[in-house]
Amino acid sequence: MTARIIDGNALSAHVRGEIADRAATLSAQGVQPCLAVILVGDNPASAVYVRNKVSGCEKAGIRSLRFDFPVDVDAAEVMAKIAALNADPAVHGILVQLPLPRQFNEAEVLEAISVDKDVDGFHAENVGRLSQGREAFLPCTPHGVMKMLEAANVPVQGAEAVIIGRSNIVGKPMAMLLTNAGATVTVTHSKTRDLAFHTRRADILVAAIGKPRFVTADMIKPGAVVIDVGINRLTEGPDAGKLCGDVDFEAAKDVASAITPVPGGVGPMTITMLLANTVESAERALRRKG
Ligand code: NDP
């Protein structure tokens, strides 16, 4: 069996087209969606993510504001910027690029963002709403995964879903979204005994570990749908310098029924869902105004 490839670039292009239409409708009504992005320090990976987010905004007709702070900035200065952006009615989304330098308490920074502008979906209130299945800004990566499953017509209700990873950004919200959608969910992590016992039961296997090619073919149930969230840069071997996921793609595609590639899978969908949340926030703001 050779797995169907779930193409994140193609789906992303399609969804971004819809987002651009919504942004144009809003702009015609005098509300151009606007995302403010805060970057602290000079982490090269963060700089790339921020650049991609800003350019994604531009292409979709979303205004973006970018605020760069030096690595040794006083945390109070960044908190004051967040407060000003919270109070600015022209700003619909606020994103603080993680990770932050040591002088910051990340949880405190995320809590400082207005719940109504928390387009990353990391504020504790949005997390709580998600866990209760109420309206919330959904965290972009797991939300993107749900969109991919939907677009690929993967039945989620009643499926055995196994997630490797329990981070606040990916693993835990992924578990909540799949639970809300009716899957039977198992969350595994570095302390899990006999990981392969769990992964081999999965109809839907989500890998969010951060270890290159960690998931091997023998860990996958034949016919499973494999979602690879990992983004790793290989440092050795013939592919040194290239990006790869947490799944051994070449071997896994002969066992799975469908699989996401890296690059070109979950990654592009993550930014797409950020743009979607920003437009949604602007739509909500317009409804409140009207
Ligand atoms: P974290 O490092 O926060 O979490 C990794 C998780 O993997 C932890 O829960 C950890 O367990 C678990 N883990 C580590 N080693 C093992 C192991 N040997 N067996 C089982 N579980 C293990 O990473 P993130 O969730 O932030 O990111 C995961 C990956 O996804 C990374 O490659 C990251 O780059 C990528 N990513 C991609 C995005 C995209 O847009 N596609 C967006 C965000 C992340 P424990 O909790 O016990 O330590």
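Reader: Not counting residues up to four places away in sequence, which residues does G165 touch?

Author: In this predicted model, G165 is found in the loop between β5 (160-164) and α7 (171-180). Once residues up to four places away in sequence are set aside, the residues that G165 touches are V170, G171, H189, A208 and I209.

Reader: Is G165 buried or exposed?

Author: A residue is called buried if 20 or more other C-beta atoms lie within 10 Å of its own. For G165, 23 other C-beta atoms lie within 10 Å, and therefore G165 is buried.

Reader: How does R166 count by its C-beta neighbours inside 10 Å?

Author: R166 lies in the loop between β5 and α7, and, leaving aside its neighbours within four places in sequence, R166 is in contact with G171, K172, V187 and H189. The class between buried, at 20 or more, and exposed, at 12 or fewer, is partly exposed. Because R166 has 17 C-beta neighbours inside 10 Å, R166 counts as partly exposed.

Reader: Which residues does UniProt list for "binding site"?

Author: The record in question is an unreviewed entry. Under "binding site", UniProt lists G165, R166, S167 and I231.

Reader: Which helix gives the largest share of the shell around the ligand?

Author: The ligand is surrounded by 25 residues, of which the closest are G165, S167, S190, G210 and T270. By class, this shell has 9 nonpolar, 13 polar and 3 charged residues. The largest share, 3 residues, comes from a helix that spans residues 266-289, namely α10.

Reader: In the open sheet of 3 strands, which strands stand at the edges?

Author: The strands of this open sheet follow the order β3-β2-β4, and their pairing is parallel. Two of them have a single partner strand each, so one side of each is left without a neighbour in the sheet, and these edge strands are β3 (63-69) and β4 (93-96).

Reader: What angle does the direction of helix α3 make with that of β2?

Author: Strand β2 (residues 34-40) pairs with β3 in the parallel sense over 7 bridges, and V40 stands opposite F69 in β3. Helix α3 (residues 75-87) packs on the sheet, where the helix touches β2, β3 and β4. The direction of α3 makes with that of β2 an angle of about 180°.

Reader: How far apart do the end C-alpha atoms of residues 6-120 lie?

Author: In an unreviewed entry, UniProt lists residues 6-120 for "domain: Tetrahydrofolate dehydrogenase/cyclohydrolase catalytic". The span is 50% helix and 16% strand, and the distance between its end C-alpha atoms is 24 Å.

Conventions
Residues numbered from 1 in each chain as written. Predicted model: local features only at pLDDT ≥ 70, side-chain atom pairs only at ≥ 80, totals over all residues. UniProt positions renumbered as here; feature names shortened; annotations may be inferred. Helix = DSSP H or I, 4+ residues; strand = E, 2+ residues; numbered from the N terminus. Contact = placed C-beta atoms within 7 Å. Near = placed C-beta within 6 Å. Nonpolar A, V, L, I, M, F, W, Y, C, P; charged D, E, K, R; others polar. Pairing = 2+ DSSP bridges. Axes fitted to C-alpha atoms, helices over the stretch in contact; angles between N-to-C directions.
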